[in-house]
Amino acid sequence: MIRLLLSAPASGSGKTVMTCALLSALRHRGLAPVGFKCGPDYLDPMLYAAACGIPGRTLDAFFMEPNCLRLWFARGCQNHGAAVCEGAMGYYDGLGGVSDACSTYAIARTLDLPVVLVLSVRGAALTLAAQIRGLASFRRDSHVAAVLLSGGTPELQRTLAPVLEREGGIPVLGGLPTLSQGELPSRHLGLASDVPHLSERFHALGTALEHHADLDRLAALCGGPPPDPPRLPQKPPAVRIAVAQDAAFSFLYPETVDALRDAGGEIVWFSPLQDVSLPEAVGGLYLPGGYPELYAAALAENIPLRRSIAAAVREELPTVAEGGGFLYLSASLQDSSGASYPMAGVLPGQGFPAGKLVRFGYTSLEAEADSLLFRRGESVPAQEFHHWDSTHPGEDLRAVKPLTGRSWPCAYGSPTLYAGFPQLSFAGRPVLAERFVEAAASYRNGNKYGT
């Protein structure tokens, strides 16, 4: 099996384009590759799916302990001939930028993955050899195994490759020159589904990478046995969980779905944009994040579903609503022009464009009382990444930043509800999924909270 992790000195080096090109090339070779993203990222895994036809997965050392990382990586690798992981930020950049904890390097070390550096040739030449040597020697067990070049002309890459290999001491396998197909959407308001002919573009990138890089040598350097498949107890489905999934609510990790199923949940999909009522006989509701602000008018026009969800949540249907799902439960939501539209109205407040990233990054949520997902005194990892804010973001939990200890109240929590901007990891903390499914099963059995 081919297993590798693509990383770089910094963001903007071409990692995502290289990852998608490599996935496409390996798919063409018949290896049925799967893509993984390091860190809490919903958008890049969508691109991986377009590149190789298989949903992308995530690996996150903040949410997942080492054994948990190994388990989810092994689960994701099953029935695949190649696994391509993409790092986040710079290779050694971890918590707060001052530690390698939770970094891409930490994941490579935990999973024992060979690392292929993606180096941009824009504005640099021989100096790249110093970068190679520095990245490879900064930690004794750096796992750096090879280099792929990004950008520039084919002639420039062919000229640089042997020099950089000789001076840098690491195999340089060619790379991916600058191509028009390599322009990808922005990180915000750029959905993979909105990019025309995306699969065809990735196929062209994969063909170019096959031509300009030595993928046979890459396979030899990064080949090895697949991880041992995990042996997990299989719980029979105990209760139906309604999960929103459409263009407005698309931030959903495959691992989240797997964790809910592991806990006994039967997933029932529905669309807040198109369906007029919740699915029948459900015991729980999960509203993931996404871009509801792009579809605020359409969501508002679906009055029957808004009323159905509002009634169900008020009647204590166990509900988890993160990010965009939280905004949907609010009283109203502004779009990017400032026009306001009514939402479900279960919670107070109006969602509005903040004009910047708000409370970005990892946090830990501290619980001061028992609720649907939390128990008093617990600290649970979470993360935020959103350009919209709320006039009433909630105050039932406390968010605490790692390293600095800065904190603030956030989110709504009750025995039947979690709703807020902080997004959780059911895969990293399976007990959260177990509590959610247990509450949903109790609800379906007629045991509502307080009765």
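**Strands and helices in a predicted model**

Q: In this predicted model, what makes strand S2 (residues 34-38) and strand S4 (residues 82-86) a pair?
A: Two strands pair if at least two bridges are found between them, and S2 and S4 have four bridges, in the parallel sense; therefore they count as a pair. Within this pairing, Gly35 stands opposite Val84 in S4.

Q: Where do S2 and S4 stand in the sheet?
A: The open sheet has seven strands in the order S3-S2-S4-S1-S5-S6-S7, with parallel pairing. Strand S3 (57-59) and strand S7 (172-176) are called edge strands because each pairs on one side only. From one strand to the next, the twist averages 30°.

Q: Why is helix H3 (residues 66-77) called roughly perpendicular to helix H4 (residues 104-111)?
A: The two helices pack at an angle of about 75°, with their axes 10 Å apart, and because angles of 65 to 115 degrees count as roughly perpendicular, H3 is roughly perpendicular to H4.

Q: Which residues make the contact of H3 with H4?
A: Pro66, Leu69, Arg70 and Phe73 of H3 meet Ile107, Thr110 and Leu111 of H4, and these residues divide into five nonpolar, one polar and one charged.

Methods:
Residues are numbered from 1 along each chain as its sequence is written. This is a predicted model: local features need pLDDT of at least 70, side-chain atom pairs count only at pLDDT 80 or more; totals for chains, interfaces and linings use all residues. Side-chain values use heavy atoms; hydrogens and water are left out. Axes are lines fitted to C-alpha atoms, for helices over the stretch in contact, and angles run from 0 to 180 degrees between N-to-C directions. Angles under 35 degrees count as roughly parallel, over 145 as roughly antiparallel, 65 to 115 as roughly perpendicular and the rest as oblique. Contact means heavy atoms within 4.5 Å. Ala, Val, Leu, Ile, Met, Phe, Trp, Tyr, Cys and Pro count as nonpolar, Asp, Glu, Lys and Arg as charged, and the others, Gly among them, as polar.
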